[in-house]
Amino acid sequence: MTRSMLLGAALLALVACRPAPQTAGHPAGHTGHSQNEAGTPSSVLSVHDARVVAVPPSVGDTSVFGTLHNAGPAPLRLVGVQTDAASHGMLMVTQTDPAGLTGMQDTPALTVPAGGDLTLSDTGDHLMLMGLRAPLQEGQTLTLTLTDDAGGTHTFDAPVVKP
């Protein structure tokens, strides 16, 4: 297990009991919008209760949680995440091995089911922001962009919250 994975696991444990914040400027925690590959707005993916975990200034990685809703008729396969606040993003899954040990691992894709939700949480699938470019401040808002395997982009805002 790499140092980043251990740090991520520690971050996940810290936020386990924290409720999702409401985001100003969006109805009922809605924090995102989508565009298709042509760059026109799409209503396929919406993001609710998105949040970025505040970390001490000496920590260079953090996690992103929330709920992704796919209103479309087909599963939506997400293949990337990026933000100006970090050098790169990773899609992560949390799994338990046959020995009962739980750990997280990067994955090439996360799938949001057709007409369904994908919950990004400290105990399951989530996003990691690696190589933060500057310390995060509680209350700061990051803009993140998810990319799907058809080339569509889905941009949303997420507040930075303390664990």
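Trainee: How much of the protein chain is buried?
Mentor: Of its 163 residues, 42% count as buried, meaning under 20% relative accessible area, with exposed over 50% and partly exposed in between (1.4 Å probe, protein chains only). This is a predicted model: local features need pLDDT of at least 70, side-chain atom pairs count only at pLDDT 80 or more, and totals for chains, interfaces and linings use all residues. Residues are numbered from 1 along each chain as its sequence is written, and side-chain values use heavy atoms, leaving out hydrogens and water.

Trainee: Which residues touch the most others in the largest nonpolar core?
Mentor: Val-52, Leu-68, Leu-127 and Leu-144, out of 30 residues. Such a core is a set of buried Ala, Val, Leu, Ile, Met, Phe, Trp, Tyr and Cys residues joined through side-chain atoms within 4.5 Å. Strand β3 gives the largest share of this core, four residues.

Trainee: And what does Leu-68 touch?
Mentor: Its contacts (heavy atoms within 4.5 Å) include Leu-45, Val-47, Val-112 and Leu-146, not counting residues up to four places away in sequence.

Trainee: New topic. Where is Asp-49?
Mentor: In β3, residues 45-53. Asp-49 has a positive phi of about 55 degrees, although it is not a glycine.

Trainee: Why does Asp-49 count as partly exposed?
Mentor: Because its relative accessibility is 22%.

Notes: Helices (H or I, at least four residues) and strands (E, at least two) are DSSP runs, numbered from the N terminus.
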